[in-house]
Amino acid sequence: MSGRITGAFAGGGMSKLGYAFGAIVFGLGFWMLVIWVTGAPSFILPTPWRVVQAAWDNRALIGAHTLITATEVILGLSIGSALGIMTAIQLALSQRLYRVVMPLLVFTQAVPVFAIAPLLTLWLGYGIASKVLMAVLIIYFPVTSAFYDGLTRVPRDITDMARTMNGTRWQSMRRITILHALPSLGTGLKLAAVYAPIGAIIGEWVGASRGLGYLMLLANGHAKTDLMFAALLALVLMTLTVSVAVNTLAARLKWD
Amino acid sequence: MTGAPAIHLNGHVEIAGQPLFGTVDLTLPAGQWTCVLGRSGVGKSTLLRSVAGLNGDDARCSQFRGSIEASDGAELSGRVSFMAQSDVVLPWLSVLENIVLGPRLRGTSPDLESANELLKRVGLAAHRHKKTSALSGGMRQRVALARTLMEDRPIALLDEPFSALDASTRADMQDLSAQMLSGKTVLIVTHDPAEAVRLGHQIAVLTPEGATLWQPPNASPPRGQYAPETIDCQAALLAHLRGAV
């Protein structure tokens, strides 16, 4: 009996991997099918095999540029999250500040970050600073907003208890409100992990001499479509890695 | 800290501007237990919350309108411990950390020795380092009770503090509370006539007409659960509650 149950569980684990494998096979098959049906030449749409080949041949080049983009993303994530966390706590401490600042934040959200990317490059130059700032700008609001939501949704019974205990504002914030809001912060950080690379890549497109976004534009300009796809592959893998890391962190932002 | 004051309440509860019941004119005697009974939704918890100074600014919520005064004329704020109806325990803290939350919030160092002693007396000593999410409803309620007792303030306001406990634990916790809160002014909301008759120096029945007092037995609380006069009083009180609209 127990053997059968174990078998069923093992089958569940296998089928999860199996589904992922199936999805990849399906994607590659579709890719090949498009090439076969349209007869696209390889400078328009290279075969998956050529992309892998290009990735291997250019591994040092792609690795160096991935490192630059990853640095931008991680810096942007750290700075943007820290700013968002501090802003949310300040807003939660002062209703008046919230009324002044929140409309401003919403207004800045209405400005597409893409539109000001050239300005940032003009002001901060072609180095990584302008890309980091792009990432910061993109994630700042989601982090602030998610964390603030958690901070202001402490159940009434808990805030009542803290009030009758005559706790100081900062101690109540530190020992109750912030801890209560950690799962919400986790949600915000997960979003940020996916958004931050977008900011970095846009920054690199607008003006850079290094990074995966730059490499993709360069490869595109030289009709090296296989290299462009290889860079894209590196970008996807990097984003997934960052996302998994942040998800692991967010999963620890639970109460128990 | 001075002795426990009497508290005088005069006013009515309203929801969104509509009075919920007639004027309540009630004095909580100094250093004694007052048990409040009444049907659900009659405003018992609102009354309790107002004494705790928790009347919201939100006009949509139920509110107490009127005066709540201590006999010594001083502010109530800072002299009240409050135990809410839901067992408020913080899931990110251990049992022990939950119990010493008050001093922690005030930025003072807690008396861990008496906290541990109290944990022993509510029967949770073995669980002191567990997270509260691992506890049963009854255990959580005992954590909340211990935390309220830990505050050691002259006035205690308890909203159905024993509702989630099994019969024997309930009797134990009633005895413990009666002992630790003796000499304090206590207001306790309950649904259980037996509990009110066992614990109350004074029993108040809340109806839409207002608050009326019900005479408890002569013995001083906590009274024997099966003493004839306790049982008689309990039966009469239940009949009265069932008759009251």
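This is a predicted model: local features need pLDDT of at least 70, side-chain atom pairs count only at pLDDT 80 or more; totals for chains, interfaces and linings use all residues.
**Entry 1: two helices in chain A**

I looked up the pair by residue number: helix 8 covers residues 169-206 of chain A, and helix 9 covers residues 212-221. Their axes come within 7 Å and cross at roughly 50°.

Next I listed who touches whom. Helix 8 of chain A brings A:Ile201, A:Glu204 and A:Trp205, while helix 9 of chain A brings A:Leu212, A:Gly213, A:Tyr214 and A:Leu217. By kind, the residues of this contact are five nonpolar, one polar and one charged.

**Entry 2: staying with helix 9**

Which residues of helix 9 of chain A are buried? I found A:Leu212, A:Gly213, A:Tyr214, A:Leu215, A:Met216 and A:Ala219. Their cover includes helix 3 (59-93), helix 8 and helix 10 (225-252) of chain A. Following the chain past helix 9, I came to A:Ala223, which has a positive phi, near 55°.

**Entry 3: where chain A meets chain B**

I then turned to the two chains together. Here 18 residues of chain A are in contact with 21 residues of chain B. On the chain A side, helix 7 (156-164) and helix 8 are the elements that give two or more residues. Helix 7 of chain A gives the most, with seven residues. I sorted the chain A side into seven nonpolar, six polar and five charged residues.

**Entry 4: a sheet in chain B**

In chain B I traced an open sheet of six strands in the order 6-7-8-4-9-10, with mixed pairing. Strand 6 (80-83) and strand 10 (210-214) of chain B each have a single partner strand, so one side of each is left without a neighbour in the sheet. On average, neighbouring strands of this sheet are turned by 20° against each other, direction ignored.

I picked one pair to follow: strand 4 (residues 33-38) and strand 8 (residues 185-189) of chain B, which pair in the parallel sense over four bridges. Within chain B, B:Thr34 stands opposite B:Leu187 of strand 8.

Helix 1 lies across strand 4, strand 7 (155-159), strand 8 and strand 9 (202-207) of chain B, and runs at about 150° to strand 8.

How values were computed:
Residues are numbered from 1 along each chain as its sequence is written. Chains are lettered from A and ligands numbered from 1 in the order in which they are written. Axes are lines fitted to C-alpha atoms, for helices over the stretch in contact, and angles run from 0 to 180 degrees between N-to-C directions. Two residues are in contact if their C-beta atoms, placed from the backbone, lie within 7 Å. Ala, Val, Leu, Ile, Met, Phe, Trp, Tyr, Cys and Pro count as nonpolar, Asp, Glu, Lys and Arg as charged, and the others, Gly among them, as polar. Two strands pair if DSSP finds at least two bridges between them. A residue is buried if 20 or more other C-beta atoms lie within 10 Å of its own, exposed if 12 or fewer, and partly exposed in between; C-beta atoms are placed from the backbone.
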